[in-house]
Amino acid sequence: MRILLTNDDGINAPGLYVLEKIAAQLSDDIWICAPSEEQSGAGHSLTLNRPVRLREHAPRRFSVTGTPTDSVTMALRKVLPGKPDLILSGVNRGANLGDDITYSGTVSAAMEGAMAGIPAIALSQLIARNDSGHDVSFSAAEEWGAKVLKPLMDAEFAPRTLLNVNFPALPGKDVKGVRVVRQGFHDYARGTLIESVDPRGFPYFWFGLQGIEHTIGANTDLEATSEGFVSVTPLQLDLTHEASLAALAQRFEA
């Protein structure tokens, strides 16, 4: 099995090395193509207003001066000798739960794979409250990564779908198991906006996700991870709200 690894935290991110160890338990045909710098929050963006440069760091290890989407696109069109059997994106430093998946470069890289008809899985590690900066434990991802992926190796993915996996902020030994759940939703009323003044006296603003309340619903990714389980959520690229089609069409009938 040929596996492509990517992420949004950058080619030197600790989570990518964790993903390499996980992938090595599944195959020895592993390729890496990731952003040269951190691209958290880049979403499904594509670089169009400047050239993208490709750098080879070692055999089968490349970086791209662009977004996670750029990295997957470059890997499929330029780097790999053939189509991969699987794309793994992560392991992200921080959760990609609920509505956050719309911002996520990690999930968007997997989306790009799904668009190309390749099975794709995004993996993220929740951060414990007392962790900060680079002091993030990937213990749950390290112990449970292969356990989650192995049952999926021969699974048939529906067209234009992908999987979103989140590991709870617990030591691996304390994780309770795996739950297949739907996407949850956040309450963004208490999102963080930090306002300050730079050394030259000009105001600046810094957006953050800290302090956002989680509206935990029954059988969601938010609930599963908060209760100590690995969450596995199937996502689809078709954003059409089917229930609104008929009523909306009636408004345009002559």
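This is a short tour of a predicted model, stop by stop.

Before you start, note that residues are numbered from 1 along each chain as its sequence is written. Local features need pLDDT of at least 70 and side-chain atom pairs count only at pLDDT 80 or more, while totals for chains, interfaces and linings use all residues; side-chain values use heavy atoms, with hydrogens and water left out.

**Stop 1: strand β7**

Select residues 161-167, which form β7. Strands here are DSSP runs of E with at least two residues, helices are runs of H or I with at least four, and both are numbered from the N terminus. Is β7 enclosed or open? Because 7 of its 7 residues are buried, β7 is largely enclosed by the rest of the structure. Buried means under 20% relative accessible area, exposed means over 50%, and partly exposed lies in between (1.4 Å probe, protein chains only).

T161, L163, V165 and F167 sit on one side. L162, N164 and N166 sit on the other.

Two strands pair if DSSP finds at least two bridges between them. β6 runs parallel to β7, with 5 bridges. Look for I121, opposite L163. β13 runs antiparallel to β7, joined by 6 bridges. Here T161 faces Q236.

**Stop 2: the nonpolar cores**

A nonpolar core is a set of buried Ala, Val, Leu, Ile, Met, Phe, Trp, Tyr and Cys residues joined through side-chain atoms within 4.5 Å. Select L5, L88, V91, I121, L123, V165 and F167. In the largest core, of 32 residues, these touch the most other members. Elements that each supply at least two residues of this core include β1, α1, β7 and β13.

Zoom in on L5. Contact means heavy atoms within 4.5 Å. Beyond its neighbours within four places in sequence, L5 is in contact with residues including L16, L19, W31 and L88. Another core, of 22 residues, lies apart from the largest one; V64, A114, I118 and L235 are among its members.

**Stop 3: S89**

Go to strand β5, residues 86-93, and pick S89. This serine counts as buried because its relative accessibility is 0%. What does its side chain reach? The S89 side chain comes to 2.8 Å from the backbone oxygen of T106. Leaving out residues up to four places away in sequence, S89 also touches T6, N7 and I121, among others.

**Stop 4: salt bridges**

Side chains of opposite charge can pair when their charged atoms come close. A salt bridge is a side-chain nitrogen of Lys or Arg within 4 Å of a carboxyl oxygen of Asp or Glu. How many salt bridges does the structure hold? There are 7.

Select R60 and D29, whose side chains meet at 3.3 Å, N to O. R60 is in the loop between β3 and β4 and D29 in β2, so the pair ties together parts 31 residues apart in sequence. R60 is partly exposed at 34% relative accessibility. D29 is buried at 17%.

Move to helix α4, residues 139-149. K147 and E143 meet there in a salt bridge of 4.0 Å, N to O. The two are 4 residues apart, about one turn of the helix. K147 is partly exposed at 43%, and E143 is partly exposed at 37%.

Finish at D174 and K173, bridged at 3.3 Å, N to O. D174 is partly exposed at 36%, whereas K173 is exposed at 65%.

Terms used. A polar contact is a pair of N or O atoms within 3.5 Å; within protein, one must be able to donate a hydrogen and the other to accept it, and residues adjacent in sequence count only if both atoms are side-chain atoms.
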